[in-house]
Amino acid sequence: GNLWGYGKEDGPSVWHKNYPVAQGDRQSPIDIVPHQASHDPSLGPVVLNYDQCTSIKIANNGHSVVVEFDDSDDRSVIRGGPLDNPYRLKQFHFHWGVKGCHGSEHTVAGNSYASELHLVHWNAVKYTTFGEAATAPDGLAVLGIFLQTGDDHRWLNMITDALYTVKFKGSAADFKGFNPKCLLPSSLHYWTYLGSLTTPPLHESVIWIVVKDPITVSEKQLGKLRTLLFTGEEEDQRTRMENNFRPPQLLKGRNVLWSFR
Ligand SMILES: NS(=O)(=O)c1cccc(F)c1
Ligand SMILES: [Zn+2]
């Protein structure tokens, strides 16, 4: 049985029963209200060194589709911006809805996007393992990228063309040589705030860096994400993977900073 999900019985509204931190003071995602954010001139640009980055595999973990990276050294890191150390790329995954206009986790002035890409990094300077970093207040840095619908995204096809290999929960396949830099918008202007994992265990360990400009993907490409299943091959109940997003949480006095002029 699954511990949690996105359905009526096991979805975000009941996660607090098994994960009380769901009602904590730095939960994610949030609604970003641009006019209430503060500009911090000391916030420099985020710098991504993904050149030598090596993806290893693509997997269906029953909640999303995840591309995992070799994080045994500092080849692929994010630095700068609000970060005091370089953070190592561990994996990226997506959240999406059931049709066009809903599916992102963060919202901007109450508006959702069709999907949201999360590039997950961990502080290997201060911590020894991802697991240890994932429970530390400055352990993780997640770069959030919004996806809007429009024309086909040339590079997203590399991912959507591989989804048939990971249709069922628990399936995985080789996925080498993919550099996620090709999934980023041209401008990396961002908002940043202190938050949490957006899925259980909801640890309050994430420095969020949410990029302002979306990338454009086609409805067809998003539709391929929705051919994935929450359920495993052995289960008789086939449930489409869709609406795997948590709604915005209370800000509880936090400050959202922005980097761009
Ligand atoms: N959705 S998320 O906050 O990026 C996230 C959830 C769980 C684990 C993880 F590494 C990242
Ligand atoms: Zn995520």
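Is alanine 109 buried, partly exposed or exposed?

Modeller: Happy to. Please keep in mind that this is a predicted model. The mean pLDDT of the chain is 96, with 99% of its residues at 70 or more, and the scores are ipTM 0.99 and pTM 0.98.

To your residue, then. Alanine 109 has a relative accessible area of 47%, so it counts as partly exposed, because the buried class ends under 20% and the exposed class begins over 50%. Alanine 109 sits in the loop that runs between strand E8 (107-108) and strand E9 (115-122). Its backbone deserves a look too: phi is positive, about 50°, although alanine 109 is not a glycine. Most residues other than glycine have a negative phi. Asparagine 243 is another non-glycine residue with a positive phi, about 55°. Asparagine 243 is placed in the loop between H4 and E15 and is partly exposed, with a relative accessible area of 30%.

From there, step along to asparagine 244, in the loop between helix H4 (219-225) and strand E15 (257-258). Asparagine 244 has a relative accessible area of 0% and is therefore buried. Its side chain reaches the backbone nitrogen of tryptophan 96 at 2.8 Å.

Strand E7 (residues 87-96) is where you will find arginine 88. Arginine 88 counts as buried, because its relative accessibility is 15% and the limit for that class is under 20%. The side chain of arginine 88 makes a polar contact of 2.6 Å with the side chain of aspartate 74.

Now for the metal. The zinc ion (ligand 2) is held by His93 through NE2, His95 through NE2 and His118 through ND1, at 2.0 Å. Along the chain, the donors are spaced as H-x1-H-x22-H. The site is tetrahedral, with angles of 98 to 116° among its four donor atoms. Two of these histidines have accessibility values to go with the picture: histidine 93 is buried at 12% relative accessible area, and histidine 95 is buried at 3%.

Ligand 1 is surrounded by Gln91, His93, His95, His118, Val120, Phe130, Val142, Leu197, Thr198, Thr199 and Trp208. Follow the nitrogen atoms of ligand 1 and you will find several polar neighbours. A nitrogen atom of ligand 1 lies 3.3 Å from an N or O atom in the side chain of histidine 95. For histidine 118, a polar side-chain atom is 3.4 Å from a nitrogen atom of ligand 1. For threonine 198, the corresponding distance from a polar side-chain atom to a nitrogen atom of ligand 1 is 2.8 Å. Taken alone, ligand 1 exposes 310 Å², and the protein buries 89% of that.

While you are looking at the backbone, there are cis peptide bonds to pick out as well. Most peptide bonds are trans. Proline 200 and proline 201 are joined by a cis peptide bond, with omega about 10°, and proline 201 lies in the loop between strand E12 (190-195) and strand E13 (206-211). Serine 28 and proline 29 are also joined by a cis peptide bond, with omega about 0°. Proline 29 belongs to the loop between H1 and strand E1 (31-32).

Conventions:
Residues are numbered from 1 along each chain as its sequence is written. Chains are lettered from A and ligands numbered from 1 in the order in which they are written. This is a predicted model: local features need pLDDT of at least 70, side-chain atom pairs count only at pLDDT 80 or more; totals for chains, interfaces and linings use all residues. Side-chain values use heavy atoms; hydrogens and water are left out. Donors are N, O and S atoms within 2.8 Å of the metal (3.2 Å for Na, K and Ca); water is not among the atoms, so sites may look incomplete. Four donors count as tetrahedral if all angles lie between 85 and 135 degrees; four count as square planar and six as octahedral if opposite donors are over 155 degrees apart and all others between 65 and 115; anything else is irregular. Buried means under 20% relative accessible area, exposed over 50%, partly exposed in between (1.4 Å probe, protein chains only). pLDDT is the predictor's confidence in each residue, from 0 to 100. A residue is near a molecule or strand if one of its heavy atoms lies within 4 Å of it. A polar contact is a pair of N or O atoms within 3.5 Å; within protein, one must be able to donate a hydrogen and the other to accept it, and residues adjacent in sequence count only if both atoms are side-chain atoms. Accessible areas come from the Shrake-Rupley method with a 1.4 Å probe; for residues, only the protein chains shown count as cover. Helices (H or I, at least four residues) and strands (E, at least two) are DSSP runs, numbered from the N terminus.
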